[in-house]
Amino acid sequence: MNAPAVNRRQFLQAAGAVSAGLVLGFRIPVVQAAGAPARDPDDVNAWLRIATDGEVTIMVPSAELGQGVTTSAPMLVAEELECDWTRVRAELAPTDPVYANRIFKVQATSSSTSARWSFEPLRRIGATAREMLREAAAQTWKVPVAECLASQGLVRHTPSGRTLGYGELAARAAALPRPANVVLKEPRDWKLIGHSIDRLDIPEKTRGAATFGVDVKREGMLIGTIVACPAFGGKLAKVDAKPALAVRGVKHVVPLHDAVIVLGDSYWTARQGVLALEPEWRMPDGTPLDGDALMQGYREAARNATAEARRVGNPDQHLQGETVYSAEYEVPYLAHATMEPMNATADVRGGKAELWGPTQVCGEIAERLAPALGLPADRITVHSTLVGGGFGRREEFDVFTQAALASKAVGRPVKLIWSREEDIRHDFYRPAAAARLSATMAPGKDGNILALEARLSCSSIYIRNFTDRVKGGIDPKSVEGAVDLIYDLPHFAVRYAMVNTAIPVGFWRGVGYTQNTFFAESFIDELAARQQRDPLQFRLAMLASRPRHATLLRRLGEQAGWGKAAAGRFQGLAITEAWGSLCATMVELSVKDKQITLHRIVNAIDCGTVINPATVERQLEGASIWGLTAAMSGDITIRDGAVQQSNFHDYPLLYLSQVPPFEAVLAPSGERIGGVGESAVPTLAPALANALFAATGERIRSLPLSRHGYELV
């Protein structure tokens, strides 16, 4: 018997197939028509759909990057709506201004803001819908609304015991005027928030039914891939399309100003077509970029940095003479290497464009692509999909632009998929950076830091897309993690030197905090060692004015057994405040012949309020693995103007066997909610390097550790 030709994904999809139900009630709006007045983002009809059988579908305004927002956002609505959680479904919201991130004022997912901006607005949506359902029940029964109690998807008339399901009330409720004011539940009454809830998106992903960008299919679609000029700043001089067109299945060769796209009937076909090409490139003028020379430039720039990002007291007066202690640090460029390949699908025909794909900035794509396509933005429709790894890379528009240009050129829908090699070699990299830190200590053996100065240098991320945010020569992303150092420092300065090159830099998971927290928390550890002080107690002594930070650090110390490691094991720690959250990390390791064994990593976080503890713990683990990979082996190097790495064999990710046990300390303080997704990335590298110093006496001032001969076992 012949087995049917079914791949793994098709099998999973068939095994998990389910039927859909009838839907009425609170409605979803169609995408807003051009010129129509802006809708009210607090209109519950934009956010909810209640079926006649009581199933509640909640719109998720942020991209699902693996951070669990397709569960946490519905939890916020459902908490106040008082619906039955087992009847809740999540749906990615369409691209529409009504779903704009209220921090950025555009529909975008970035900087750990998904929970921060939506925490109160989504609860208010749920509370508003709840009150409308209560009012609908009261009108149905002709009783005072105060006698109607909403709970578990029902409204109960308390005196009589009569009940009506939300599905029975939705149509009537949807037609009611929205109450002007609603009262949100007190935290002590929360039934969902603060409790571990299984993620709604996991079953669909597990059975292969989830739609990522790479899964998009359109009628008559061609599939393409691309090869770009290997050197940054280079252009396409000319290309002979014949070798590619000779490959069976290749349909078109589309030249762009710095790249060539080959379109065929499959990715494999297009890839063979690209490999058959021999494009002639016009290399950039001048001496080719070289990684060593670039880093030397960053070092010199840091030493001479003058643009003042922060100043407290008079640091210059106290940073003179022989008592000043200085150290220099550096970190390399880093790629994103998202597991889902970079991709986008476009259909540009008939004076309009429609695009599909994984993106963190669906609300910006139309405006960004309009000039390139020669179309008004309101003629461009964007459909975002699930995202198979974002980390800031999906905040760029390059792949969408290329797919749209290719579709426009051939008059057919096009799905463009980058190879892993193109992705590694043409990323928007976490900037390489250098720092020189200097400090003097207050008199006495137990003196704290009297004055500290951080001189920083790297390329600007904002200078390309958000020029207005660069002021006085300062890119805020380049100095975050330094200007907001948490310690009590009587005299403190941060100075910055912007050095921009042809190497494209962009957002990365943790962005500037990752480099500057490594610099700062490593240097703090150096100063503690010079003072012969315990690193934890040294930090606590400088947190007198920050009890919340001190409390978290003590919690970490208690949970991690700070100072009580078994013989042969050594500990290091670091702490930072970023995206409204405090995060501290302790690494415990042992070392033999430069082979590092990680015994445990303990993360402690105070993110104000925890929505879903299970998701927070997973994000801390994921962030630590991300930070650990970067600290151990992350290294993009430049030679002859091009990136030397090309795939996972020379840009390796952590193996599962190298991942240590994780412990999490969730220490919500009740303060304003903070972000979580990136919080544990910045503290990993300094905690690791500080533990390594405790074990070996070797102070690591540059990453990755593989450059110093260290490996994980």
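# Close-up views

Helices (H or I, at least four residues) and strands (E, at least two) are DSSP runs numbered from the N terminus, and contact means heavy atoms within 4.5 Å. This is a predicted model, in which local features need pLDDT of at least 70 and side-chain atom pairs count only at pLDDT 80 or more, while totals for chains, interfaces and linings use all residues. Residues are numbered from 1 along each chain as its sequence is written, and side-chain values use heavy atoms, with hydrogens and water left out.

Strand 4 pairs with strand 5, residues 154–157, in the antiparallel sense over four bridges, where pairing requires at least two DSSP bridges between the strands. Within this part of the structure, S151 stands opposite L154 of strand 5.

**Helix 3 and helix 4 pack at an angle of about 90 degrees, and their axes are 9 Å apart.** The two helices are therefore roughly perpendicular to each other (under 35 degrees counts as roughly parallel, 65 to 115 as roughly perpendicular, over 145 as roughly antiparallel, the rest as oblique). Axes are lines fitted to C-alpha atoms, for helices over the stretch in contact, with angles from 0 to 180 degrees between N-to-C directions. On the helix 3 side, M132, L133, A136, A137, Q139 and T140 meet Y166, L169, A170, R172 and A173 of helix 4.

**Helix 10 and helix 11 cross at roughly 40 degrees, their axes coming within 10 Å.** That angle makes helix 10 oblique to helix 11. Helix 10, residues 362–373, and helix 11, residues 398–410, pass each other in a right-handed crossing (the near helix is turned clockwise from the far one by less than a right angle). Helix 10 contributes I365, L369, A372 and L373 to the contact, and helix 11 contributes F400, T401, A404, L405 and K408.

**R87 forms a salt bridge with D53, the closest N and O atoms lying 3.4 Å apart.** This pair links distant parts of the chain, 34 residues apart: R87 belongs to the loop between helix 2 (69–81) and strand 3 (88–92), whereas D53 belongs to the loop between strand 1 (48–50) and strand 2 (56–60). A salt bridge here is a side-chain nitrogen of Lys or Arg within 4 Å of a carboxyl oxygen of Asp or Glu. R87 counts as partly exposed at 27% relative accessibility, and D53 is also partly exposed, with a relative accessible area of 47%; buried means under 20%, exposed over 50%, and partly exposed in between (1.4 Å probe, protein chains only).

**E131 and R134 meet through their side chains in a salt bridge of 2.7 Å, N to O.** The two residues are three residues apart in helix 3 (residues 114–141), so about one helical turn separates them. R134 counts as buried, because its relative accessibility is 16%.

**K205 and D201 form a salt bridge through their side chains, at 2.9 Å from N to O.** K205 is partly exposed, with a relative accessible area of 25%, whereas D201 counts as buried at 5% relative accessibility. Elsewhere, salt bridges that share partners join E308, R311, D316, E453, R455 and R495 into one network. A search of the whole structure finds 47 salt bridges.

**A337 and V511 each have a positive phi although neither is a glycine.** For A337 the phi value is about 50 degrees, and the residue is found in the loop between strand 13 (325–331) and strand 14 (343–349). For V511 the value is about 45 degrees, and this residue is found in helix 15, residues 511–530. A337 counts as buried at 5% relative accessibility, and V511 counts as buried at 4%.

**The peptide bond from L703 to P704 is cis, with omega near 0 degrees.** P704 has its place in the loop between helix 19 (681–696) and strand 27 (711–712).
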